[in-house]
Amino acid sequence: VLLSGDHVLAAEAVAREVGIDRVVGDATPERKLQVVEQLQAEGRVLAMVGDGLNDGPALAAADIAMAVDSGTDLAIECSDIVLVDHDLRAIDRSLRLSAATMRVVRSNLAWAFAYNVVAVPFAAFGVLSPMLAAAAMASSSLLVMGNSLRLRRFGRTRAGSDVLVERSDAVVGQWTPTAMPSDIATIEPHMMPMPSGVEPQALRR
């Protein structure tokens with residue numbers, strides 16, 4: 001979905017260029033918030049990208065809020081993720097990194113649960129000596145740590161945009177963007193490349 005405060009014709013031109021089907025032009029902050037709430041009422045998990053003051057209410061209501069580092073302070077403050085350049089295709093990488101992080105978290109929890117289910121009864125009944133139990137506990141911690149550190153290699157060999165994840169203070173490395181799903185983000189036309197056949201003044205606010 002493309003939400004924009006720009007004229008509806010300009011918004012539609014940009015949407016055609018990037019392959020977005022649903023367009024809401026001439027959108028006020030209240031209208032943007034309304035669209036976000038409508039999508040959430042349909043059971044969707046919504047990510048929104050914005051950079052202006054008029055995006056603040058909708059960003060605050062979205063499940064995942066993203067802003068461009070050159071945007072307003074309000075947009076950045078309302079956001080979970082800040083894109084450190086103007087390449088919106090970095091959104092795809094941030095979502096994939098989030099999914100990979102959750103997979104690592106689940107695998108760490110599964111390992112810790114399985115270890116305790118097996119090791120604690122053995123230790124309680126004296127099958128394991130205190131030294132072996134301590135060594136097993138240390139090994140478990142090292143395995144969990146090593147599994148988590150695999151995320152440091154995420155996208156390291158790729159070239160492209162950077163993403164700054166504000167809440168963890170982690171900078172995501174270089175990557176080669178893939179196609180951005182058009183139904184997971186709402187964006188502003190002036191943040192996209194100028195479509196062919198559209199005069200620059202048509203996209204001015």
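The buried residues of helix α1 are covered by parts of the structure that include β1 (2–3) and β2 (23–24). In this predicted model, helix α1 spans residues 8–18, and the residues of α1 that are buried are Ala-10, Ala-11, Ala-13, Val-14 and Ala-15. An α-helix has 3.6 residues a turn, so residues three or four places apart point the same way. Just after α1 comes Gly-19, which takes a positive phi of about 85 degrees. Asp-26 has a positive phi as well, near 55 degrees, although Asp-26 is a residue other than glycine. Asp-26 is found in the loop between β2 and α2 (29–41), and because its relative accessible area is 45%, Asp-26 counts as partly exposed.

Strand β3 runs parallel to strand β4 (residues 64–68), and 4 bridges join them. On its other pairing, β4 is joined to strand β5 (residues 81–83) over 3 bridges, also in the parallel sense. The table lists bridge partners in these strands.

| Residue | Bridge partner | Strand of the partner |
|---|---|---|
| Ala-47 | Ile-64 | β4 |
| Val-49 | Met-66 | β4 |
| Met-66 | Ile-81 | β5 |

Is β4 enclosed or open? Because 4 of the 5 residues of β4 are buried, the strand is largely enclosed by the rest of the structure.

**From β3 to β4**

The path from β3 to β4 passes through helix α3 (residues 56–61), and the three elements make a right-handed β-α-β unit. In the loop between β3 and α3 lies Gly-52, which is buried, because its relative accessible area of 11% is under the 20% cut-off. Which residues does Gly-52 touch, if those up to four places away in sequence are not counted? They are Thr-72 and Ala-75. Gly-52 and Thr-72 are 20 residues apart in sequence, yet their C-alpha atoms are 5.5 Å apart in space.

**The helices α5 and α6**

Two packed helices are described by the angle between their axes and the distance between the axes. For helix α5 (residues 90–124) and helix α6 (residues 130–149), the axes come within 9 Å and cross at roughly 170 degrees, and α5 and α6 are therefore roughly antiparallel to each other. On the side of α5 the contact is made by Val-104, Ser-107, Asn-108, Trp-111 and Tyr-115, while α6 contributes residues including Ala-133, Met-137, Leu-143 and Val-144. The residues of this contact divide into 8 nonpolar, 5 polar and no charged.

**The protein as a whole**

The protein contains 6 helices and 7 strands, and along the sequence they follow the pattern β-α-β-α-β-α-β-α-β-α-α-β-β. Of its 205 residues, 35% are buried.

Note on methods. Residues are numbered from 1 along each chain as its sequence is written. This is a predicted model: local features need pLDDT of at least 70, side-chain atom pairs count only at pLDDT 80 or more; totals for chains, interfaces and linings use all residues. Side-chain values use heavy atoms; hydrogens and water are left out. Two strands pair if DSSP finds at least two bridges between them. Helices (H or I, at least four residues) and strands (E, at least two) are DSSP runs, numbered from the N terminus. A crossover is right-handed if, with the strands pointing away from the viewer, the path from the first strand over the helix to the second runs clockwise. Buried means under 20% relative accessible area, exposed over 50%, partly exposed in between (1.4 Å probe, protein chains only). Contact means heavy atoms within 4.5 Å. Axes are lines fitted to C-alpha atoms, for helices over the stretch in contact, and angles run from 0 to 180 degrees between N-to-C directions. Angles under 35 degrees count as roughly parallel, over 145 as roughly antiparallel, 65 to 115 as roughly perpendicular and the rest as oblique. Ala, Val, Leu, Ile, Met, Phe, Trp, Tyr, Cys and Pro count as nonpolar, Asp, Glu, Lys and Arg as charged, and the others, Gly among them, as polar.
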